[in-house]
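Colleague: Please take one part of this model and go through it closely. I would like a helix pair, then its setting in the chain.

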Amino acid sequence: EQINKGKYEHYMQKEIHEQAESLTTTMRGRLIRGGSCKAKSVLLGGLKDHLKTIRRSRRIVFVGCGTSYNAALAARPILEELSGIPVTMEIASDLLDRQGPIYREDTAIFVSQSGETADTFQALEYALENGALCVGITNTVGSGIARNTHCGVHINAGCEIGVASTKAYTSQIVVMTMLALAIGGDSINGQARREAIIDGLFDLPNKVKEVLKLDLEMKELAKLLVSEQSLLAFGRGYNYATALEGALKVKEVALMHSEGMLAGEMKHGPLALVDENLPIFVIATRDACFSKQQSVIQQLHARKGRLIVMCGKGDAQSVCVGGSCRVIEVPLVEDCLQPVINIIPLQLLAYHLTVLRGYNVDQPRNLAKSVTTP
Ligand code: AGP
């Protein structure tokens with residue numbers, strides 16, 4: 001452990017708080033500001049010789065496990081929007097169990113912080129055998145996945161020591177957003193959208209600093225929730241991944257049962273769990289799904305649900321119509337970048353819950369940082 005914790009008590013805490021810096025490093029040299037006659041753009045050196053092939057793919061398949069899978073899920077909508085190519089999601093072990101179809105015309109993108117996860121690596125071998133173009137997105141230069149893919153991008157988040165992945169998650173989303181920008185980069189249509197996202201990326205570290213100020217508020221919330229058995233998180237669109245990843249963080253470090261769910265599925269079963277006691281997080285920051293999340297909140301109020309709503313600054317009144325709820329207000333950014341901001345209060349909550357419950361923050365029981373056996 002050559003990297004020390006500095007002023008922090010745990011690596012997870014340090015890694016959560018250094019995300020403005022890690023994201024800056026992730027983006028360094030990759031965003032082009034443009035000029036009077038040149039459009040803003042993205043440069044990913046490791047991909048430039050393969051972009052034409054990727055653009056011609058019949059399908060893009062994301063493959064990963066755990067947090068890396070969730071990061072890909074967060075980036076899926078913007079990749080679909082900017083590339084126009086169908087994007088499918090594969091949990092590496094499930095792809096292998098099913099021996100799911102992978103074609104020569106596919107681009108398969110392997111997302112892994114360590115670059116050494118056995119399931120993801122085996123899925124890579126499987127995709128190579130099937131002739132797909134294989135792209136690696138890892139944090140570890142020289143890792144098995146980095147070496148064996150045809151091309152790729154390093155996320156450059158810096159060494160992550162806490163078993164719970166935090167800064168790698170936000171850097172992965174940013175890299176996959178830049179990948180979407182690079183793939184969509186030669187169409188005139190969508191230039192304004194791409195430039196708005198690039199502006200949002202430039203400003204993202206400042207917004208991350210702002211959302212990190214919620215640390216004390218999340219500690220107070222953790223005190224309220226410390227003895228709970230279980231919690232739920234509902235998200236949709238860009239923030240379905242936020243619900244899954246927030247729940248994964250709470251589960252793996254605070255050892256509290258938690259489930260992230262697609263809000264659109266609420267009426268198809270989970271609604272039966274709602275009562276005055278079970279804490280339910282609803283992610284309702286502004287994007288194309290906002291009004292649907294408002295209606296989810298109303299339905300949960302009608303069942304006397306115990307709600308904790310994450311919304312944009314100033315939106316508390318708009319989201320908590322029809323009942324009382326606790327609100328976490330976060331800075332708003334471009335919709336596809338919002339998952340980077342929204343996960344941070346949930347990372348902080350998981351961290352504080354773990355400390356209050358007296359569990360090992362950096363080495364949760366039964367878990368390893370890198371799962372190198374299938
Ligand atoms: C994240 O907090 C977990 N420790 C775990 O889900 C992890 O993301 C997963 O094992 C995949 O690891 P990788 O990114 O190194 O492939």
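**A helix pair up close**

Modeller: H10 and H14 are oblique to each other. The model is predicted, so read the geometry as that of a prediction. The angle is what decides the label: H10, residues 215-225, and H14, residues 338-357, pack at about 50°. Angles of 65 to 115 degrees would count as roughly perpendicular and angles under 35 degrees as roughly parallel, so this pair is oblique. The two axes lie 8 Å apart. The crossing of H10 past H14 is right-handed.

Now the residues. On the H10 side, the contact is made by Asp215, Met218, Lys219, Leu221, Ala222, Lys223 and Leu225. On the H14 side, their partners are Pro345, Leu348, Leu349, His352, Leu353 and Leu356. Sorted by class, this contact has nine nonpolar residues, three charged and one polar.

Next, the setting. The protein chain has 14 helices and 12 strands. Its radius of gyration is 20 Å, close to the 21 Å that the globule rule gives for 374 residues, so the chain is as compact as a globular protein of that length. The C-alpha trace spans about 55 × 45 × 45 Å along its principal axes. Of the 374 residues, 52% count as buried.

Contacts also reach along the sequence. Take those between residues at least 6 apart in the protein chain: 74% of them join residues at least 24 apart.

How values were computed:
Residues numbered from 1 in each chain as written. Predicted model: local features only at pLDDT ≥ 70, side-chain atom pairs only at ≥ 80, totals over all residues. Axes fitted to C-alpha atoms, helices over the stretch in contact; angles between N-to-C directions. Helix = DSSP H or I, 4+ residues; strand = E, 2+ residues; numbered from the N terminus. Parallel < 35°, antiparallel > 145°, perpendicular 65-115°, else oblique. Left-handed = near helix turned anticlockwise from the far one by under 90°. Contact = placed C-beta atoms within 7 Å. Nonpolar A, V, L, I, M, F, W, Y, C, P; charged D, E, K, R; others polar. Rg over C-alpha atoms; globule rule 2.2 N^0.38 Å. Buried ≥ 20, exposed ≤ 12 C-beta atoms within 10 Å, placed from the backbone.
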